[in-house]
Amino acid sequence: MEKCGEAVAVKITSAAVAATRASISSDVTGASAEGAAAEPPATGAAARAASSSGGSMTARQWFALAGLTCSAFVFNTSEFMPIGLLSSIAGGFGLTEAQAGMMTSIYAWAVMALSLPLMVFASRFEFKRLLLTVIALFTVGQFACAVAPTFELLVAARLLVACAHAIFWSIASVMATRAVAPEHGSLALSMVATGTSVAMVFGLPLGRAIGLAVGWRMTFACVGVVGAALAIYMAAIFPPIPAGERFGLRQLPGLFRNQALVAVYVSTLLVATGYYTAYSYIDPYLAQVAHLDAGTATMALTVFGAAGLVGSLLFSRAYDAHRLPFLGAALVGLSAALLLLNVAAPFTAGIFSMLALWGACNTAFGIAFQAEIIRYARPDEASVAVALYSGIFNLGIGSGSFFGGMASTAFSLSSIGPVGGVLAAAGSAVCLAGLARAGRPAK
């Protein structure tokens, strides 16, 4: 087969998309989208320095990439931090978990709606100034969350963070690759992806641990302090990078005539909705259904994140040779983990096992979906195609959080696994049937 899978594996490395970006989230996805596009040759002080030094990277370039890596970690940690603090936030405002969970839905829907428009708008600005503005907006949003006196103002503050989130993942990989010489582009992308991966493993549990120790407001304040430090660091160390070519939306209509891409997009919406129907309420689920104490629940979330690294490793080893079987196994495993969540909940070893399966399959399907998009999209459409995937994934995040709240209110908290599993299974069927009919991509 073509080198699409290998390219994605190199760009994303053993980090999950997002997850995200989900994972990736929605977040990883945004980074990969720009990295996959054909960008102009690396420009700016960093790239010129690399070229003049015979291809070796300078210490300043390493420090610049380290700053982007830390930024990716902080942005990804911030996105899903409220999930680990959901019960605390709900208690602080006298709300139910379902009511507080709407904050996750609103955030995701905002990112979905803003990603493409802000990407178009931001393409006209010099990258370093844009990055510093984005980090400053992110920092202000975190401090506003920490002091918000009402839930409505907390949601408004999270919308500031959502604006920063949407722009950051539109420019992160472009800045990484253009800050170095072309031969170091894959390394630059891998470092940004590493930040997202570490956030999935340690970011959410760390935020939860801080929240349990000193309160959820202090968690947002701590992220704000880190954001301010990053702004100062990046202002001092990152080189100026001229704006690239203006981004256009001319390619969008053609994407929806591509049968394989439509199958992936529809499946993404269903699977992401199913995934976040359960994941958005995993904090109260572990406490009230699985009956785990706070420390054990934090450990369980750490296992979930760490399992994502296993899913990424399996992708790099198995996807190229067994594309559709690998994707099918990941989707079936994800659906099974959700459907069997209640069966495993009474047993500590059982719930840990289901979370490990869930985390590994989530990462595996997220990266594989990006590989399928790049496989079937034309090179000039790849950036738009993956950006659209990111927007649809965030629609799934918001919809899943909404449906999870509805299910837990109408039935019980234990219903989120089965409801999410049914949606994920439907998306799995759509994806595998659509890709099987699509066959090989046109040359």
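**View 1. Burial across the whole chain.** Buried residues, meaning those under 20% relative accessible area with a 1.4 Å probe and protein chains only as cover, make up 60% of the 443 residues in the chain. This is a predicted model, in which local features need pLDDT of at least 70, side-chain atom pairs count only at pLDDT 80 or more, and totals for chains, interfaces and linings use all residues. Residues are numbered from 1 along each chain as its sequence is written, and side-chain values use heavy atoms, with hydrogens and water left out. The chain has 19 helices and zero strands, where helices (H or I, at least four residues) and strands (E, at least two) are DSSP runs numbered from the N terminus.

**View 2. Confidence and residues 1-54.** The mean pLDDT, the predictor's confidence in each residue from 0 to 100, is 79 for the chain, and 81% of its residues reach 70 or more. Over residues 1-54 the pLDDT is below 50, although this stretch has 168 contacts in the model beyond near neighbours in sequence, a contact being heavy atoms within 4.5 Å. Where pLDDT is low, the predicted coordinates should not be read in detail.

**View 3. Helix α19.** The 23 residues of helix α19 (residues 416-438) should span 33 Å at 1.5 Å a residue, and the end C-alpha atoms of α19 are 33 Å apart, which agrees; the expected span is 1.5 Å times one less than the number of residues. Among the buried residues of α19 are I416, G417, C431 and L435.

**View 4. The loop at L340.** L340 lies in the loop between α15 (323-339) and α16 (341-344), and L340 is partly exposed, with a relative accessible area of 40%, between the 20% limit for buried and the 50% limit for exposed.
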